[in-house]
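Here is a quick tour of some helix geometry and packing. Have a look at the model first.

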Amino acid sequence: MKKKIVFGLAIFALMFFFGGVYIVTTTQATIYELHRLSQLHRTVALRKDLLLSIKKNQENIILRNRHFEMEEASGGQSMTAIVEKCFVCHTSSPFREQIDSLKMQIRGYRVRTRAVFAADPGSTLSENRTRAALTKGDDLIRKMEGIINMTSANLEKQEKAILKKINERKTLLFIMVTIGPFFAVGLAFFLIRALTRPVNSLLDATRRLKSGDLNHRISGLHDEFGEVAASFNEMAASLKKQMMEMQRTEQLRVCGEMAAGLAHEIRNPLAGMKVSIEVLLSELNIEERDKEVLLKVIEQIRNIELLMKNLLNYARPVAAQPVRFNVNKILEKTIYFIEKHPSFISGDPRKQLIRELDDALPEIVGDPQQLQQVFLNLLLNAADAVPEGGTITVRTVHDRQAKTVAVVLRNTGKGIPTELMEKIFQPFFTTKGKGTGLGLAVSKRIVEEHGGTIEAANNVSGGVAFTVTLPVKADEGGRAA
């Protein structure tokens, strides 16, 4: 769109520039041609004056009196002055040669005229001189009449051509003055339309988006407006996705509340059933086969209780009780418990647990019971994923610049498929046959409530590394814990 605006302004500037240049050049050409036409008229007028002067001199010769002799003298001077004026206008050949010839003839005519007036009237000499002067004058008159006729014809022809050009220029100027504003308005309308059409399209799209039409998309726009339209379409698609996620989140919230209520209502009867069955086992004398059945029932009840407990922890989390503690101590307690767990000690060769704990690790503020639950869950998952003879490495790192403490739990298992890596922290997602899918979701929630992050990544050599990063908060004195 920016290019179109610049192009339109350039057209406006060029239009006014060339229009002004044309008007100036046309005005100058018209003035020059009118000046030339005026000179032609002046030339014709001078030649007519010369002709009249010769005719008047002829009359003086015929009348031959003193009064006209005086006029003859002035007439001769007038003829000479007119020819001299012709010298001013016609300074180049061949006109200069013709004027020289005419000037010589006029001088000869003046000599003959003076000779006529110098002779005695009525004498033979006077009559001969008069006849010669009149003959010379008649020749000059015929010559001047021919020149005047030719000049008048040329003047009329040039005058028509000049007036024709002036009319053409006047018509073209009139067209420019008349059509120019309409062309400017049309170009302005085109530019305004090119600007307002995409703006109206964007405005209509925002109104439809405001009314709830998240499926509307803008198409057909280009340049900068095309980029805005593409951003709008991306925004609409993102809003639609977020709305669907919010609806799903709301549905999950309702389902979570219902599940938490059901879990709470089911847990008490299950506890009563388990206690009743345990009492029966201790007091009744029943066969061994029946005891095994009841023991399996108790085991399943315990599994259901564990599921109910995890569900309640996720749906109705217990409020944290933050205190200042050292993460290494919590890890030591958790590792001690894991090393006694059946899933860790089973198999030959046994699984190994390697400690790489930073002794200079600072204390952090948090709920040690909840964080121990996170580490226990991660270590149990690692123990299940590591094959016999595999290793689990627990490492702590203090980043002084970022003011964080990181706990890295790395195992040598098979790793997690790439397409499942983004789903492992979602509720009820599990790859285990007996898992509930809530362990990592609860761990992620606990870590985020402590202001930290939890991330998972496959190792290059195999296995998975879980990294829990927790902030180190400063105490009231400004010293880092």
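Start with two helices that touch: Gln 370, Leu 371, Gln 373, Val 374, Asn 377, Leu 378 and Asn 381 of α9 meet Gly 439, Leu 440, Val 442, Ser 443, Ile 446, Val 447 and Glu 449 of α10, where contact means heavy atoms within 4.5 Å. By class, that contact has 7 nonpolar, 6 polar and 1 charged residues; Ala, Val, Leu, Ile, Met, Phe, Trp, Tyr, Cys and Pro count as nonpolar, Asp, Glu, Lys and Arg as charged, and the others, Gly among them, as polar.

This is a predicted model, with pLDDT of at least 70 needed for local features and 80 or more for side-chain atom pairs, while totals for chains, interfaces and linings use all residues. Residues are numbered from 1 along each chain as its sequence is written, and side-chain values use heavy atoms, leaving out hydrogens and water.

| Pair | Angle | Axis distance |
|---|---|---|
| α9 (residues 368–385) and α10 (residues 439–449) | about 145 degrees | 9 Å |

Axes are lines fitted to C-alpha atoms, for helices over the stretch in contact, with angles from 0 to 180 degrees between N-to-C directions. Helices are DSSP runs (H or I, at least four residues), numbered from the N terminus.

Now for α4: its 87 residues (124–210) should span 129 Å at 1.5 Å a residue, and the end C-alpha atoms, 125 Å apart, agree with that. The expected span is 1.5 Å times one less than the number of residues. Just after α4, Gly 212 has a positive phi of about 105 degrees.
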